[in-house]
Amino acid sequence: MGTTPKVKAKQDLDLLNIVASELQELADGNQKALIACPVHYETLTREETYKQYIFACQKIPDENKKFLILVLMDVPEKIHIPNVRKFSIPLKNHCHSFFAQIRPNINSDYSPFKKCGFDALGVRLKHSNKGEKGRMEILENFPQMVSRSGIEQIFSLDVTSLSLTTTAVCSGFTLLAGNAIHAKVSRPDKVHRFLHQDLFSKML
């Protein structure tokens, strides 16, 4: 049995409050770091939970919002632009960037995401039931599909090997996350510039 919308919304609100606290801790320590905060599509398309979520965003100090990235999850293959813009445009006033994590489909038109104001599109490799080769094919094809929409920032999560990293870098991904890039940290960390020579640093 899947998680109910009510439970998802509570998870989203709880996580946003945790992120808001971490942003304040960084500000108090004169530190700067971008923090990505995932939120379910269903939470923002239901009027009641959307109002709760944007109210929580409004309480975050403006200076801290400059370091908040919202990441929309569980996005359907096709989105209705007017409906999505109802939440995407207002929320962009409360964050540094608004990303969408989607399931890649070679026949999809991603231009609606551009019209809804999203700053980046990305994939989670762990959601693919394909092996290493299949995941490499996703990384090879996805940037070309996204670039046709006019969105320039492309990200991938769950990059776990040198081969996946190399494919992602060569294919045009601009943001990567996963154990092959950096191990998990207990608290927000700085953005790491990943250079081409870093691909082979463990071999040198």
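# Exercises on a predicted model

Among contacts in the protein chain between residues at least 6 apart in sequence, 67% join residues at least 24 apart. The model is predicted, and the exercises below work through its parts.

**Exercise 1.** State how many helices and strands the protein chain has, and give their order.

Solution. Start with the count: the secondary structure comes to 8 helices and 6 strands. Then read along the sequence, where the pattern is α-β-α-α-α-β-α-β-α-β-α-β-α-β. As for burial, 42% of the 204 residues in the chain are buried.

**Exercise 2.** Determine how helix 3 and helix 5 are oriented to each other, and which residues form their contact.

Solution. Two packed helices are described by the angle between their axes and the distance between the axes. Helix 3 covers residues 47-58 and helix 5 covers residues 81-91; they pack at an angle of about 10°, with their axes 11 Å apart. Angles under 35 degrees count as roughly parallel. Helix 3 and helix 5 are therefore roughly parallel to each other. Helix 3 brings Tyr50, Tyr53, Ile54 and Cys57 to the contact, and helix 5 brings Lys86, Phe87, Pro90 and Leu91. Sorted by class, this contact has 7 nonpolar, no polar and 1 charged residues.

**Exercise 3.** Describe the largest nonpolar core and the surroundings of Leu72.

Solution. The largest nonpolar core has 49 residues. Those with the most contacts inside this core are Tyr53, Leu72, Leu91, Phe113 and Phe142. Now take Leu72: leaving out residues up to four places away in sequence, its contacts are Val39, His40, Tyr41, Leu44, Phe87, Phe98, Phe99, Ala100, Gln101 and Phe118.

**Exercise 4.** Decide whether Ser156 and Pro112 are buried or exposed, and place each in its element.

Solution. The cut-off for buried is under 20% relative accessible area. Ser156 has a relative accessible area of 1%, so Ser156 is buried. Ser156 belongs to strand 5, residues 153-157. Beyond four places in sequence, Ser156 touches Val123, Leu125, Leu139, Phe173, Leu175, Leu176 and Ala177.

Pro112 has a relative accessible area of 15%, so Pro112 is buried too. Pro112 sits in helix 6, residues 111-115. With neighbours within four places in sequence set aside, Pro112 is in contact with Ile79 and Ile81. The C-alpha atoms of Pro112 and Lys78 are separated by 8.6 Å, although these residues are 34 residues apart along the chain.

**Exercise 5.** Locate Asn30 and Asp74, and say how exposed each residue is.

Solution. Asn30 lies in the loop between helix 1 (5-28) and strand 1 (35-40). Its phi is near 55°, a positive value in a residue other than glycine. The relative accessible area of Asn30 is 74%, so Asn30 is exposed.

Asp74 lies in the loop between strand 2 (68-73) and helix 5. The phi of Asp74 is near 55°, again a positive value in a residue other than glycine. With a relative accessible area of 43%, Asp74 is partly exposed.

**Exercise 6.** Find where pLDDT stays under 50, and say how such a stretch should be read.

Solution. Over residues 200-204, pLDDT stays under 50. For residues 200-204 the model has 1 contact beyond four places in sequence. Where pLDDT is low, the predicted coordinates should not be read in detail.

How values were computed:
Residues numbered from 1 in each chain as written. Predicted model: local features only at pLDDT ≥ 70, side-chain atom pairs only at ≥ 80, totals over all residues. Heavy atoms only, no water. Core = buried A, V, L, I, M, F, W, Y, C linked by side-chain atoms within 4.5 Å. Buried < 20%, exposed > 50% of the residue type's maximum accessible area, 1.4 Å probe, protein only. Contact = heavy atoms within 4.5 Å. Helix = DSSP H or I, 4+ residues; strand = E, 2+ residues; numbered from the N terminus. pLDDT = per-residue confidence, 0-100. Axes fitted to C-alpha atoms, helices over the stretch in contact; angles between N-to-C directions. Parallel < 35°, antiparallel > 145°, perpendicular 65-115°, else oblique. Nonpolar A, V, L, I, M, F, W, Y, C, P; charged D, E, K, R; others polar.
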